[in-house]
Amino acid sequence: MSGYWSDILVGSKSLVTGLMITARQFFRPVVTENYPYEVPEMTERFRGHIELIANEETGKPNCIACMACQRACPSDCISVAGKKMEGEKKKTVTKYVLDFTKCSLCGSCVESCKFNALRFSKEYNLVSFNKDDFIIDLVKRLEDQN
Amino acid sequence: MQPLVFSPTPNPTLFSVEGIVGIIFLLTVALVIFGALVAVNSHRLVRAVSGLAICFTGLAGVYYFLLSPFLAMMQLLIYVGAVSILIAFGIMMSTPEQQDLPGNKHISKLAGPLGCSVGALFFAGFSVLGLNTQWQVFPRPENASGDIEAVGKVLLTTHSMVFELISIVLLLAIIGALVLARRGRN
Amino acid sequence: METSIWRPILYLVGIMAFAGLNAAYLGWCERKGAGRIQRRPGPKEVGFAGLLQPLADGIKLMTKQLMVPQGVDGIIFRVAPVIAMIPAITSMVVIPFSGNIQARAMELSVLLIFALASLGMMAVLLGGWASGNKYAIISSARAVSQNLAYEIPMLLTVISIVMISGSMNLRDIAIDQQGGFWHWNIFRFENGHFLYMWIGFIIFFICSLAETNRAPFDMAEAESELVAGYMTEYGSMGFGLFMMGEYLNIVVGACLTATLFLGGWDCPFGLTPGVWWFLLKIYVLIFTVIWVRWTYPRTQIYRLLNLSWKILIPFSLVNVLVTAALIKVF
């Protein structure tokens, strides 16, 4: 019988506590983001697909087409081509195509880059019905961004 | 407030209060007959129980028209709300699938005509009785509105015997249920 | 009483409008409330603050095909959702919204509401059975055993109210409590009823949650174990009618609680009694129902029955005895 009364008392107390918690939450501001209207800022270490880094002065890619990333890629996503422009010491990248359908975001390409030319983008709005949309020309993307 | 009192006007039109009340009365009677027919004729037991519930609902309406709303409510609460539901419950728990009952072929072919003729006999008897009786029009009874004070007085004076007997029936039912439940546990 | 033909017609239209609006917008309130409790905004796309959401849902439900799956009992399957709606709307006939807004002040209005509530139970039972689906049958069996178990303490607490007021007429019960909150049955000062009536109020509120199959007692549609319970096979407006019936039952339960315990249309301080106080009370109660739903997890069926038989029924029996004793003593 003693268990009976204490059950009722303890039970009622815990029920009231629960109600108080939800009541407090009810009057607090909303914490979710209204996605299409509020675009969230991705965190520092977010891994989107890779992108080329532009030289801050010229706006041209830092990449010199050394092929280190292409060799480092375990799934052959990256194909790079470059040629030597006249009057310049280093090569310039002419083609940098990423096949994002095969990429597993392992980051080996970013690690292998010695010229500060490659990083993860903050792109997360990727959706398509067509597989070909995920084969991305990064040089063209950089030009579009400038 | 009091329930509607029918002051019989000779020829009520359809859209007067009397007319609508008359239509509703006919509907309740139709409900009783329809429910009874469904209850008797359907092959599936749950449909039969639904028919029974419809019939009880109609009966509650008839009780209301007979100026005893308390009985009408009790009819709904007990017969529709408890009895029908318990029957349906029992059927649901006992038959694993919805199955059509096999036709009872071993029942004599006389059963149908016999039942019909007995029914017809009863109907004829009651009709003759009803048509030949001089019906007295009683004044509206005291507790026609279902005032609980009047109901309580009647239960504890005129019908106190019935009241006590019902409590004995309920006691027996409780003891019976306990006996059955106890036996099941060991 | 004036027996004009217009009175019933106007009340019919009014009650239908009240029922329809509530059935539509309680869904919105529920979703908004759930959203706020979970710190999200709830529906907000359709119309201002999602206010047209019920309309969009209604159009969607009505334009969907009414599927009658193979192996169901066609007639009962189609009729059950309608039966679920009828008692909820009919109960509103006897609810006193204010001193002069009531379709019909029947002498036995409390009894009528309970009688109709048992009809609603029949709808759940038949709908579940007719689906021919194991989940649905288990769910309707649960719903019925739950409703039968909770009807007893509910009726017992109502009996104590009826003893205090000496009437089963909701209007008389409400008039009996006029003149400030110390006259309301829950805090009733005279005869010392205030000492225990709040227990009766809590019992009644818990029972009304269980009777309307609301969380934490929504055994009947426990979606994690029984798909959607007795509504599993229903789509389109069949499902819609069951949902609306459920919300209307909540409204009727709130109206009943407000009239029986909270003085109906009475103002707490004895000023300006009227329909607005009644509406305020029922919507506070309905909000509490929503609040409770989004606070507690679902209980288990045997715990639910234990709660009824071991706690609520003894308490309500003692409640009736104490009420009778206090009425006789003082």
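Helices here are DSSP runs of H or I with at least four residues, and strands are E runs of at least two, both numbered from the N terminus.

## Fold of chain A

In this predicted model, chain A reads α-β-α-β-β-α-β-β-α along its sequence. That amounts to four helices and five strands.

Chain A has a radius of gyration of 26 Å, well over the 15 Å that the globule rule gives for 146 residues, so chain A is more spread out than a compact globule. Its C-alpha trace spans about 95 × 35 × 30 Å along the principal axes.

## Burial, contacts and surface of chain A

Of the 146 residues in chain A, 30% are buried. Counting contacts between residues at least 6 apart in sequence, 66% join residues at least 24 apart.

The accessible surface of chain A is about 10,300 Å², and carbon and sulfur atoms account for 55% of that area. Chain A carries 20 positive and 19 negative side chains. The centres of these two sets are 6 Å apart.

## Ala149 in chain C

Ala149(C) is part of helix 5 of chain C, which covers residues 134-165. Its relative accessibility is 2%, and the cut-off for burial is under 20%, so Ala149(C) counts as buried.

Leaving out residues up to four places away in sequence, Ala149(C) is in contact with Leu305(C), Ser308(C), Trp309(C) and Ile313(C). Ala88(C) is 61 residues from Ala149(C) in sequence, and the C-alpha atoms of the two residues are 20 Å apart in space.

Technical notes:
Residues numbered from 1 in each chain as written. Chains lettered and ligands numbered in written order. Predicted model: local features only at pLDDT ≥ 70, side-chain atom pairs only at ≥ 80, totals over all residues. Heavy atoms only, no water. Rg over C-alpha atoms; globule rule 2.2 N^0.38 Å. Buried < 20%, exposed > 50% of the residue type's maximum accessible area, 1.4 Å probe, protein only. Contact = heavy atoms within 4.5 Å. Areas by Shrake-Rupley, 256 points an atom, 1.4 Å probe, with all protein chains shown as cover. Lys, Arg positive; Asp, Glu negative; His and termini not counted. Charge placed at Lys NZ, Arg CZ, Asp CG, Glu CD.
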